[in-house]
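Colleague: I am new to this structure and would be grateful for a guided introduction. May I put some questions to you?

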Amino acid sequence: MRSKVFQRILDKPFPWYYKIPKLGNLIRQAEVKYKILKAKFEWMGVYFSPFKAPVPKFYVGKVAVGTPHFYPRKWVKATPKRATEAALKEIKRFEAWNEANKDKPRRIPSFEELYKDKLNYQYVVDKKIGFDFVGLGYKTKWSDTDYRFEWNPVWSFVFFKWQIAVSFKVPHPEHYWVCWLTYKNNTYKQSRTRMKIHKAKEVNPEVWTSSFGDKKETVCYWDKVLKNKWL
């Protein structure tokens, strides 16, 4: 028979180890890191699906591939030099505003005020050596199934000014990833593949009509992104 103490632990909304400050913090941090890592590689499930496999495209040369929008970079803590540069830049920004808006001048904080404030900031710097693993970029807009593609997955390694990058190309990416996300997230995992495809098509048909002068063309993008076996 369970003790009352043990039963109270089980009845708590959070696991018992969350009550131990240091242990709870370590476990929470590990859970967050695991979720972030899982999200970065979750897209690779497409290789074990009825969709055409993404094709790796390699780049070797000077840093030129974004991860995803900017060149590889990282956040660092403030240093006296960085805080000084940031404070002087802020003063110049205030001076430029006052010059352009002489009827609405703003008070320019002292260098000491700004310097003290900027010491609490973090700053972005170019990554000299290191890896980046960028997962599939997407968002939902008007509903949970209204997927919007943003960027393809990218893996990158930089060594000072040089970069090795792998991007993963798919046909019609703005439609391909919408179809795959619908297939993965909005169908029953236990269903057969054809049933999942049928259900996903009902959720997001991905049928688009384009006009070229007097001509109209209707395309079902499911036919463009699925393997021939599943058409």
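Modeller: A residue counts as buried under 20% relative accessible area, as exposed over 50%, and as partly exposed in between. Please note that the model is predicted.

Colleague: Is Glu 42 buried, partly exposed or exposed?

Modeller: The relative accessibility of Glu 42 is 36%. Because this value falls between the cut-offs of 20% and 50%, Glu 42 is classed as partly exposed.

Colleague: With which residue does Glu 42 form a salt bridge?

Modeller: The closest N and O atoms of the pair are 3.5 Å apart. The bridge links distant parts of the chain, from the loop between α2 and β1 to helix α5, 142 residues apart. The partner in helix α5 is Lys 184.

Colleague: Is Glu 90 buried or exposed?

Modeller: Glu 90 forms a salt bridge with Arg 93 at 2.9 Å, N to O, and both lie in helix α3, about one turn of the helix apart. Arg 93 is partly exposed at 45% relative accessibility. The relative accessible area of Glu 90 is 18%, which is under the cut-off of 20%, so Glu 90 is buried.

Colleague: Which element gives the most residues to the lining of the largest pocket?

Modeller: The largest pocket holds about 160 Å³ of space, and its lining divides into 7 nonpolar, 2 polar and 2 charged residues. Both α2 and β4 supply at least two residues of this lining. The element that gives the most, with 4 residues, is β4.

Technical notes:
Residues are numbered from 1 along each chain as its sequence is written. This is a predicted model: local features need pLDDT of at least 70, side-chain atom pairs count only at pLDDT 80 or more; totals for chains, interfaces and linings use all residues. Side-chain values use heavy atoms; hydrogens and water are left out. On a 1 Å grid over the protein atoms alone, a cavity is a set of points where a 1.4 Å probe fits but cannot get out, and a pocket is an open set with protein on both sides within 12 Å along at least five of seven lines; lining residues have an atom within 4 Å of a point. Grid points are joined across faces, edges and corners, and a volume is the space filled by probe spheres set on the points. Ala, Val, Leu, Ile, Met, Phe, Trp, Tyr, Cys and Pro count as nonpolar, Asp, Glu, Lys and Arg as charged, and the others, Gly among them, as polar. A salt bridge is a side-chain nitrogen of Lys or Arg within 4 Å of a carboxyl oxygen of Asp or Glu. Buried means under 20% relative accessible area, exposed over 50%, partly exposed in between (1.4 Å probe, protein chains only).
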